[in-house]
Amino acid sequence: MALNNRPFFQPAASNQPAASCQMAASPGGQTWFTEYHSPASGITVRAEKILFTGKSAFQEIVLFETEDYGRMLVLDGAIQTTERDEFVYHEMIVHVPLCAHPKPRRVLIVGGGDGGCVRETLRHPEVERVTLVEIDGMVVDLSRKFLPSIAGSLGDPRVEVRIEDGVRFVKNHKRAFDVIIVDSTDPVNMASPLTRTPFFRAAKEALAPGGIYACQSQGPVFEARGMRRIARTIRKVFPDAAHYLASVPTYPGGLWSFALASKGGKCPEVNEPRPLPKGVRTRYYTPDIHRAAFVLPAYVREIIG
Ligand code: SAM
């Protein structure tokens with residue numbers, strides 16, 4: 001079959017979220033890690049030095065050094081973050097919603113135990129309080145120890161770190177946050193409810209009037225069905241939700257999507273983004289990238305309907 005007969009969003013094999021991986025020794029004595037994106041392809045990196053392997057109450061955690069990407073955090077076989085390319089994901093999941101809000105003072109981050117979202121959020125001086133709700137304390141502890149360039153802002157006095165389920169936390173808060181960012185693992189196990197209608201409803205109630213919601217919404221290349229389901233579900237609660245894209249080299253397909261929505265109704269992507277605060281230098285996000293990221297290729301528009 002010619003490859004171009006097969007649209008990205010209908011892989012030949014199963015389209016499970018990427019969760020299988022392999023750590024293998026080569027004959028030369030090197031250790032290679034592969035995250036499979038489908039039964040037939042994946043990303044492989046050489047693990048120079050294993051820093052940690054273990055199991056928390058929620059997931060398998062592996063941390064290792066790589067030559068090209070720096071230190072890499074892997075949860076349940078899926079690469080979460082690397083020192084080399086984390087700036088793309090964290091700048092895009094944070095600065096797009098924060099620059100879409102006129103005055104974000106109280107920010108909630110659900111998941112995000114590596115601390116990258118907190119670091120980027122604190123670059124906005126109008127932010128008075130950041131609440132990080134991460135279900136797995138081991139992710140926070142290991143990130144503090146092994147990923148200081150990412151987790152280094154978790155000790156800031158404006159930050160409250162809570163180790164609990166984000167679903168329960170959000171249900172118990174009303175009109176409390178100007179921006180909610182959901183930086184979660186793939187939508188399986190404890191992260192699955194974060195992409196369902198009751199959670200989106202609770203998040204809308206937890207937002208103050210005019211509040212902005214953003215979340216990662218899977219990749220269009222290997223997780224197209226998951227992306228489509230999230231897009232359809234979020235629109236039941238936030239009818240004008242919009243999606244945007246960023247290139248993350250270590251994520252499946254190299255391309256990742258995010259959703260942005262507003263409690264006020266009209267999706268803020270149509271508004272001109274506020275400029276970044278003076279003196280804040282980013283490596284991926286710019287106001288032009290902000291606007292351009294919402295321009296979706298036709299196959300991605302087809303996925304989200
Ligand atoms: N920035 C990286 C990315 O998106 O791939 C890292 C994401 S961060 C490590 C994802 C975190 O979400 C994990 O540490 C996981 O424990 C957390 N998480 C998953 N489900 C959650 C829930 N229901 N409540 C709070 N945190 C949750």
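N189 is exposed, because its relative accessible area of 56% is over the 50% cut-off. The model is predicted, and local features are reported only where pLDDT is at least 70. N189 belongs to the loop that joins β10 (177-183) to α6 (197-206), and its phi is positive, near 50°.

**Backbone geometry**

- Most residues other than glycine have a negative phi.
- N189 is not a glycine, yet its phi is a positive value near 50°.
- Q218, likewise not a glycine, has a positive phi of about 70°.
- Q218 is located in the loop between β11 (207-216) and α7 (224-237).
- Is Q218 buried or exposed? Q218 is buried, because its relative accessibility of 1% falls under the 20% cut-off.

- Two elements, α1 (86-100) and β8 (129-134), each contribute two or more residues to the shell around the ligand.
- The shell comprises 23 residues, and the closest are Y89, E134, G166, D183 and Y251.
- Which distance separates the side chain of Y251 from the ligand? An N or O atom of the Y251 side chain lies 2.5 Å from an oxygen atom of the ligand.
- In the side chain of D183, an N or O atom is 2.9 Å from a ligand oxygen atom.
- H90 places a polar side-chain atom 3.1 Å from a nitrogen atom of the ligand.
- On its own the ligand has 580 Å² of accessible area, and the protein covers 98% of this.

**Cysteines**

- How many disulfides does the model contain? The count is 0 disulfides, where a disulfide requires a pair of cysteine sulfur atoms within 2.5 Å.
- C21 is partly exposed, because its relative accessible area of 38% lies between the cut-offs of 20% and 50%.
- C215 is buried, because its relative accessible area of 5% is under 20%.

Terms used
Residues are numbered from 1 along each chain as its sequence is written. This is a predicted model: local features need pLDDT of at least 70, side-chain atom pairs count only at pLDDT 80 or more; totals for chains, interfaces and linings use all residues. Side-chain values use heavy atoms; hydrogens and water are left out. Buried means under 20% relative accessible area, exposed over 50%, partly exposed in between (1.4 Å probe, protein chains only). A residue is near a molecule or strand if one of its heavy atoms lies within 4 Å of it. A polar contact is a pair of N or O atoms within 3.5 Å; within protein, one must be able to donate a hydrogen and the other to accept it, and residues adjacent in sequence count only if both atoms are side-chain atoms. Accessible areas come from the Shrake-Rupley method with a 1.4 Å probe; for residues, only the protein chains shown count as cover. Helices (H or I, at least four residues) and strands (E, at least two) are DSSP runs, numbered from the N terminus.
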